[in-house]
Amino acid sequence: NRILLLEATAGRRKLDSIEVASLHAKHALETGLTALALGEADQAVASLNESIDRSPARSVGHIAIVNAARTAKIDALLALGRPRDAELLAHELLAAQITVLPPGHRWIAATRSALGESLYLQGRGEEAEPLLVSSDAMLSAALRSESELVRASRRRLDELTRRLGRPVRATPELPPLTAERRAVDNTDKN
């Protein structure tokens with residue numbers, strides 16, 4: 001509704017089209033994240049692509065929106081059984097992240113974790129292991145254990161450990177992640 005209102009009143013209020021485009025990008029991101037959470041990976045990829053394409057480069061939240069959309073798209077590609085595509089996108093995202101984020105940032109660590117998963121799903125466990133171990137250590141040090149990023153990292157590391165035939169470390173069972181906690185994960189500073 002806010003998007004429709006802004007579009008309808010843009011002429012009167014002299015709104016910059018960047019604000020409207022940014023709202024469209026945020027809406028597409030939310031739609032993509034919802035579709036991914038519901039297990040609708042194809043719909044998620046389409047919405048996340050729309051978010052990436054519509055986010056205006058000059059908008060305030062551009063980097064965060066595009067980062068979130070690309071990260072979720074990697075997860076959607078993995079859910080679709082397309083680890084090679086996920087690997088390529090993870091490499092592209094890492095290249096962008098390391099130019100704008102400080103070393104050790106949680107977004108970089110989360111992308112390295114997803115890259116590790118894409119590698120082990122392609123049977124490249126030896127390449128995946130250092131990525132998963134280092135990203136899990138960085139995320140665990142930077143965020144709370146109930147963080148979605150930490151949970152995903154631990155799940156990936158445990159899965160690789162099982163695939164390599166090693167004992168999996170015991171971790172306490174955590175309650176399901178709420179939408180509110182997920183929002184905090186995306187806005188907390190590292």
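Hi everyone, let's start with Arg156, which is buried at a relative accessible area of 5%; buried means under 20% relative accessible area, with a 1.4 Å probe and protein chains only. Before going on, this is a predicted model, where local features need pLDDT of at least 70, side-chain atom pairs count only at pLDDT 80 or more, and totals for chains, interfaces and linings use all residues. Residues are numbered from 1 along each chain as its sequence is written, and side-chain values use heavy atoms, leaving out hydrogens and water.

Arg156 sits in helix 8, residues 148–163; helices here are DSSP runs (H or I, at least four residues), numbered from the N terminus. Apart from neighbours within four places in sequence, its contacts include Asp75, Glu117, Tyr120 and Leu132, contact being heavy atoms within 4.5 Å.

Our other arginine, Arg70, belongs to helix 4, residues 62–79. Is Arg70 buried or exposed? Arg70 counts as buried because its relative accessibility is 18%. Setting aside neighbours within four places in sequence, Arg70 touches Ile52, Leu89, Glu92, Leu93 and Ala96.

Now to the helix pair. The axes of helix 6 (residues 106–121) and helix 7 (residues 125–142) come within 8 Å and cross at roughly 155°. Those axes are lines fitted to C-alpha atoms over the stretch in contact, with angles from 0 to 180 degrees between N-to-C directions. Helix 6 and helix 7 are therefore roughly antiparallel, the word for angles over 145 degrees. Among the residues making this contact are Glu117 and Tyr120 of helix 6 and Leu132 of helix 7.

Methods: Helices (H or I, at least four residues) and strands (E, at least two) are DSSP runs, numbered from the N terminus. Buried means under 20% relative accessible area, exposed over 50%, partly exposed in between (1.4 Å probe, protein chains only). Angles under 35 degrees count as roughly parallel, over 145 as roughly antiparallel, 65 to 115 as roughly perpendicular and the rest as oblique.
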